[in-house]
Amino acid sequence: MLQTSRRVAVVGGARIPFCRSNTFYADQTNLDMMTATLNALAEKFGLTDTHIDEVVGGAVVTHSKDWNITREAVLGSRLAQTSPGITMIQACGTSLQAGMGIAAKIALGQIECGIAVGSDTTSDAPIVFTKKFAQRLTEMARKKTTWDKVKVFKGLSPAELAPQPPSVAEPRTGLTMGQHCELMAQEWEISRADQDRLAYNSHKKAAAAYQSGFMDDLVFPHAGVYRDNNLRPDIDLDQMATLKPAFERSERGTLTAANSTPLTDGAASVLLASEDWARQRGLPILAYLTEFETAANDFVAGEGLLMAPTVAVSKMLDRAGLRLQDFDYYEIHEAFAAQVLATLKAWESETYCKGRLGRSEAMGAIDPAKMNVKGSSLAVGHPFAATGARIASVLAKILSEHGSGGRGLISICTAGGMGVAAIMESAGN
């Protein structure tokens, strides 16, 4: 029998600095980074040798040997070894989706605490061979004599040895996320200037967050790195305007390296708990996770790949009885500046809201001054599976500083035409 729903406390989060791929974390693995961020969380909240009911998370770009990377990270961390580690993947929504599952179990009284965690690196991406050569290797492993092993390679052609690097293209369309987003920018008539301005503001706000000390208890040094190395405090709009389009070379191209997130290495985590568990240990309650939603769209048939958050947010608000304007803060993941701007335009479009979301009118505009107030992915980077935990940690701290009555909305787009959304309320609510 399901128990009465309990409030889900967001105790807080910790992460390591995010770095552009093939820079300072070039020799770091997903396991290294995930373990480091769990240790940072354990240090921050005094969780050494503490049993955590569930640690859930994963990595998007991963090796086959890391079949349960979350459990291995727990075993290498300071947490109690009795803490279960569960690995799951939902592209860029991985760690927020992990937190949603944990929250549901806490709300129902099935568990008392959990950690959502995500790690990603494209510096240590798995490189595989052709299927035919892989089959030869598998067959060789079954042979008993040296001669039989050698015979497996009879007729081997050099083409079989060509490595197959991982691809960031969507399997169903063959287009990269950037190419898909370029199509969205054209459909929604998102200008290059507006994209550059959004990216510029993200860097400036993230730099200010570091300067003010906001990030001091959220970002923990790792491998000699103390701050996200994609962040550009001195970013210049005029210089941004000189960059060539990155995904479409024609005159229609608007997405550049400056208004798109770079491939990034890093890891992040966030601790969720029941109120009793947190208070018994003297831990803070920064906010409450109150609602969440996952949605998907038919991007293969032409819907924008990164537009599913519009659907997730709409459904979630209906269930919560809230309007889009009923929030003090909005954390909208900046995979690309164009994606954020297309999402905002869609919510303002009566045609889209009626035709796609089934609403009676447009959801309307939000106050841009309330969006990503500490910067977001365009500035700090986007290690795919880590972004959800990073955003949840930032929003919880913002709400704790806001005081009573604060409310925040999270919207994250993911590969595969999916979106993940959540609502947090300050602990004073």
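Two strands are said to pair if DSSP finds at least two bridges between them, and the strands themselves, like the helices, are DSSP runs numbered from the N terminus, with at least two residues (E) for a strand and at least four (H or I) for a helix. Before I use these terms, please note that this is a predicted model, in which local features need pLDDT of at least 70 and side-chain atom pairs count only at pLDDT 80 or more, while totals for chains, interfaces and linings use all residues. Residues are numbered from 1 along each chain as its sequence is written, and side-chain values use heavy atoms, with hydrogens and water left out.

Let me start with the strands. Strand β7, residues 287-296, pairs with strand β10, residues 418-426, in the antiparallel sense over 9 bridges, and within this pairing A295 stands opposite G419 of β10. Strand β7 also pairs with strand β1, residues 8-15, again in the antiparallel sense, over 2 bridges, and here V10 has A287 of β7 as its bridge partner.

Now to helix α6, which covers residues 177-187. Its buried residues, where buried means under 20% relative accessible area, exposed over 50% and partly exposed in between (1.4 Å probe, protein chains only), are M177, G178, H180, C181, E182, M184 and A185. They pack against α7 (192-212), α11 and β9 (407-414), where contact means heavy atoms within 4.5 Å. Just after the helix, E189 takes a positive phi of about 55°.

What is the relative accessible area of C181? The value for C181 is 0%. If a disulfide is a pair of cysteine sulfur atoms within 2.5 Å, the count comes to 0 disulfides. C181 is accordingly in no disulfide, and the nearest cysteine sulfur, that of C413, is 7.7 Å away.

Let me turn to the rings. Rings of Phe, Tyr and Trp (its six-membered ring) pair if their centres lie within 6.5 Å, and planes under 30 degrees apart count as stacked, over 60 as edge-to-face and the rest as tilted. The structure holds 3 aromatic pairs, and one of them is the edge-to-face pair of F247 and F336, at 6.0 Å centre to centre with 80° between the planes. F247 lies in the loop between α8 (237-240) and β6 (264-274), and F336 in the loop between β8 (329-332) and α11 (337-348), so the pair ties together parts that are 89 residues apart in sequence. F247 is partly exposed at 30% relative accessibility, whereas F336 is buried at 6%.
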